[in-house]
Amino acid sequence: MGMTLAEKILARASGRDEVKPGEFVTARIDLAMCHEALGMVSDGFRSAGAKKVWDSDKVVVMLDHYVPSPTVKTAEVHKKVRKDVKDLGIKHYYGESEGVCHQVLVEKGHVLPGRLVVATDSHTTTYGALGAAGTGIGFSEMAYVLATGELWFRVPETIRFEISGALSPLVTSKDVILSIAGTYSSEVAQYKSIEFTGSAAQNMTVASRMTMSNMAMELGAKFAFFEPDEQTLTYLKGLTRQPLTPFKSDRDALYEQTYRVDVTGLEPQIAIPYSVDNVKPISELEEVVINQAVVGSCTNGRLEDLQAAASILKGRAVHPDVRLLVIPASKSVYRDALKSGLLNVFLDANAIICNPSCGPCFGQHMGQLAAGETCVASINRNFRGRMGSDEAKVYLASSATVAASAIEGKIVDPRNFA
Amino acid sequence: MASLTRGKVWKFGDNIDTDVITPTKGLSLPLDEMKMHTLEPINPRFAKEVQPGDIIVSGKNFGCGSSRETAVTALKALKVGAIVAESFARIFFRNAIAQGLAILTIPEAPQYFEEGDEVELDIKAGTARHINQENPIQGIPLAPDMLAMLEKGGILPLLQERVKAL
């Protein structure tokens, strides 16, 4: 019997010829990443008597969730992480200046097709866009991984979203994944591996694919793959000197379910508080007046997201009652936005450009919301209290929709500005 | 972890996310203070009144959202006996086992229990029984590998054994 991408990677990593959904395997980890959570991971690591990480070349540590540190308490966390990096023998460390972990890890060439990657962050599914099996784990499990280089996995069933059709201008992969969440619910991929296939998936840029794989976590997914193709390899060639080998799922691989999605004529989509699968096409949304708008995060903080926002903001200004935060996902994105003149567009429009980081998304840093305030954001979660007050509301949308809404002071269709 | 656990039911709905279980504002507090914010946005009484051994019964997708293991840590610190849900989000499920917090999946769980019910769970058998009734409700037992880790008290005791053996 043939194997899916998840099965192939787990078989290889656990030294088996073949694995089947439902089996438990112990797999060797190719890459482990911790952000600020290392401060807690290292407590468990030490309490179990471990001293050094199993392989200094296979561990990456980043600071991104609250950089630069907003409070003394978070400064203490950062101080501890920096010390842990040295004490545990960790070689790859990216500090406050670099950006959001998932973007930086990819840009620095750590994420390659076929690799098994775990990280202390739920949106680790992002790496599936490059054909890597990325998944989030907790602090205790990470302590185990850092000491042993191994972790148990249940081989997941694989489901397939076959995406066809062509997207209209200013309708993006974010709208596609929100539409999928709305149609199939936040549990459609619970414990499962996703493969995004079909012509529309193949036509997506690597950045757009990363948005889909990132948000797949919100569908419950363990992994969220795009088959690594020529485009993937071309993208990665500039980032790594490692040999790159394309690999595909087998023709006779077994899929638990295949969902067919046609994106022709798809409208911009909005996820309404407080769940990611509470989604409406923008034409069906009632009037939502906003106080804040955010372009950024590991979901939509890449150059194409900033370009889409800038194309709408060019020659226009943010509504006087709205703060627009623009947060490039990495230093590299920031530099490209600077070189191509996008940052001038944002400044001219009266947006606030923040340093590459998670920004307000995680709810512990800049741009927090007061009670009763409403925000439209290109991020991945709209949970209660996600971005400040429990009494604030966050609506999820593409960066184009966020930019258009920032101008109007309410959530509007970006296609009005085409 | 004992296989049998008995306690009073606290009922919650679907999609109880980790940001609600341990609100961000409590994350940088010491555990004794952080735990007092557990589930606060949707039930401010919970952290104050929950008793050791009490059982949370919830709908679909319990623990969805971030990988913050604080969600499990806080529930354990409050000495919650077990979580019963229609389904669990993947990372929460793993984190619970990694910390030895008993969990049980029962399809359509909320229809069997009311707030305040006295219930006994047999985690090994995957069953729940009202203490005044004889017939247990059959849930989905944990796989043997998971049960073994749960019985050890989680993944760190396993790591400790491995480190010692080196």
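Helices and strands are DSSP runs, numbered from the N terminus. By that numbering, A:Ala392 falls in the loop between β17 (374–377) and β18 (393–396) of chain A. The model is predicted.

A:Ala392 is buried, because 22 other C-beta atoms lie within 10 Å and the cut-off for burial is 20 or more. Neighbours within four places in sequence were set aside to list its contacts. A:Ala392 then touches A:Leu369, A:Ala370, A:Ala371, A:Glu373, A:Cys375 and A:Met387. A:Phe247 lies 145 residues away from A:Ala392 along the chain. The C-alpha atoms of these two residues are separated by 45 Å.

Chain A as a whole contains 14 helices and 18 strands. Its radius of gyration is 21 Å, close to the 22 Å given by the globule rule for 418 residues, so chain A is as compact as a globular protein of that length. Along the principal axes, the C-alpha atoms of chain A fill a box of roughly 60 × 50 × 40 Å. Of the 418 residues, 60% count as buried. Among contacts in chain A with a separation of 6 or more, 77% join residues 24 or more positions apart.

Domain 1 of chain A gives 32 residues to the contact, and domain 2 of chain A gives 32 residues. On the domain 1 side, the elements that supply two or more residues are α4 (101–107), α6 (173–184) and α8 (206–216) of chain A. Of these, α6(A) gives the most, with six residues. By class, this side of domain 1 has ten nonpolar, 16 polar and six charged residues.

A further contact joins the two chains. Here, 34 residues of chain B meet 37 residues of chain A. On the chain B side, two or more residues come from each of α1 (18–21), α5 (90–99) and α7 (155–165) of chain B. The largest share, seven residues, comes from α7(B). By class, the side of chain B that touches chain A has 13 nonpolar, twelve polar and nine charged residues.

Conventions:
Residues numbered from 1 in each chain as written. Chains lettered and ligands numbered in written order. Predicted model: local features only at pLDDT ≥ 70, side-chain atom pairs only at ≥ 80, totals over all residues. Contact = placed C-beta atoms within 7 Å. Helix = DSSP H or I, 4+ residues; strand = E, 2+ residues; numbered from the N terminus. Nonpolar A, V, L, I, M, F, W, Y, C, P; charged D, E, K, R; others polar. Buried ≥ 20, exposed ≤ 12 C-beta atoms within 10 Å, placed from the backbone. Rg over C-alpha atoms; globule rule 2.2 N^0.38 Å.
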